[in-house]
Amino acid sequence: MPVRIVRLFAAAGLAAVGLSTVPAAAGPVNDYPTAARADYVIGCMAANGQSHIVMEKCSCSIDAIADRITYDDYTAIETVKVMAELPGERAGMFRSAGWAKDLMDRFRQAQVAADRQCF
């Protein structure tokens, strides 16, 4: 049997069982790793309560933030937050630099929008 016919039968067989030969689309471009989402939800629950309803709202919140901010920017924001809390002159750069303030403002805006959507 020629290779072309074998491929045709294979494609027909896959289609018959509901499978496609076309690869599924990749997930969202700015998808966050599970650990980052879980870390956010744990922190959110610590601040808002330890109930199932709060967990759902916090999960919704990180999903809404992920829709507005790329994961690369999110990690930069997390770094700025940690560094800004440290004492000393070097950490002062993260408290007073315009780019750091802009990044934090973007995060706060995304968080407020997420809170409106989810809480």
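A disulfide is a pair of cysteine sulfur atoms within 2.5 Å. The legends below apply that cut-off to a predicted model.

**Figure 1. Cys60 and Cys118 form a disulfide.** Their sulfur atoms lie 2.0 Å apart. Cys60 belongs to helix α3 and Cys118 to helix α6, so the bond ties together parts that are 58 residues apart in sequence. The torsion about the S-S bond is -70 degrees, and the link of Cys60 and Cys118 is left-handed. The two ends differ in their accessibility class. Cys60 has 24% relative accessibility and therefore counts as partly exposed. Cys118 has a relative accessible area of 10%, so Cys118 is buried.

**Figure 2. A disulfide joins Cys44 to Cys58.** Here the S to S distance is 2.0 Å. Cys44 sits in helix α2 and Cys58 in helix α3, 14 residues apart, and the pair links distant parts of the chain. Both Cys44 and Cys58 are buried. The torsion about the S-S bond of Cys44 and Cys58 is about -75 degrees, so this disulfide is left-handed. The whole structure holds 2 disulfides. With the bonded cysteines numbered in sequence order, the pairing reads 1-2, 3-4.

**Figure 3. The whole chain is a run of helices.** The protein has 6 helices and 0 strands. Along the sequence the pattern is α-α-α-α-α-α. Of the 119 residues in the protein, 24% are buried. Contacts also reach along the chain. Among those between residues at least 6 apart in sequence, 60% join residues at least 24 apart.

**Figure 4. Helix α2 packs with helix α3.** Helix α2 covers residues 34–48, and helix α3 covers residues 52–68. The angle is about 130 degrees, and the axes are 9 Å apart. The two helices are therefore oblique to each other. Their crossing is right-handed. From α2, the contact takes in Arg37, Tyr40, Val41, Cys44, Met45 and Asn48. From α3 come Val54, Met55, Cys58, Ser59, Ser61, Ile62, Asp63, Ile65 and Ala66. By class, the contact of α2 with α3 has 10 nonpolar, 3 polar and 2 charged residues. The disulfide partners Cys44 and Cys58 are among the residues that meet here.

**Figure 5. Ser61 is buried in helix α3.** The relative accessibility of Ser61 is 0%, so Ser61 counts as buried. Leaving out residues up to four places away in sequence, Ser61 touches Tyr40, Ala114, Asp115, Cys118 and Phe119. One of these, Tyr40, is in α2 and takes part in the contact of α2 with α3. Another, Cys118, is in helix α6. Cys118 is also bonded to Cys60.

**Figure 6. Ile62 is in helix α3 too.** The relative accessible area of Ile62 is 2%, so Ile62 is buried. With residues up to four places away in sequence not counted, Ile62 touches Tyr32, Arg37, Tyr40, Val41 and Tyr74. Arg37, Tyr40 and Val41 are in α2. Tyr74 is in α4.

**Figure 7. Helix α4 packs with helix α6.** Helix α4 covers residues 71–84, and helix α6 covers residues 98–118. The angle is about 115 degrees, and the axes are 10 Å apart. The two helices are therefore roughly perpendicular to each other. In passing α6, α4 makes a left-handed crossing. On the α4 side, the contact includes Asp73, Tyr74, Ala76, Ile77, Val80 and Lys81. On the α6 side are Trp99, Ala100, Leu103, Met104, Arg106 and Phe107. By class, this contact has 9 nonpolar, no polar and 3 charged residues. Tyr74, one of the α4 residues in this contact, also touches Ile62.

Definitions and conventions:
Residues are numbered from 1 along each chain as its sequence is written. This is a predicted model: local features need pLDDT of at least 70, side-chain atom pairs count only at pLDDT 80 or more; totals for chains, interfaces and linings use all residues. Side-chain values use heavy atoms; hydrogens and water are left out. Axes are lines fitted to C-alpha atoms, for helices over the stretch in contact, and angles run from 0 to 180 degrees between N-to-C directions. Helices (H or I, at least four residues) and strands (E, at least two) are DSSP runs, numbered from the N terminus. Angles under 35 degrees count as roughly parallel, over 145 as roughly antiparallel, 65 to 115 as roughly perpendicular and the rest as oblique. A crossing is left-handed if the near helix is turned anticlockwise from the far one by less than a right angle, and right-handed if clockwise. Contact means heavy atoms within 4.5 Å. Ala, Val, Leu, Ile, Met, Phe, Trp, Tyr, Cys and Pro count as nonpolar, Asp, Glu, Lys and Arg as charged, and the others, Gly among them, as polar. Buried means under 20% relative accessible area, exposed over 50%, partly exposed in between (1.4 Å probe, protein chains only).
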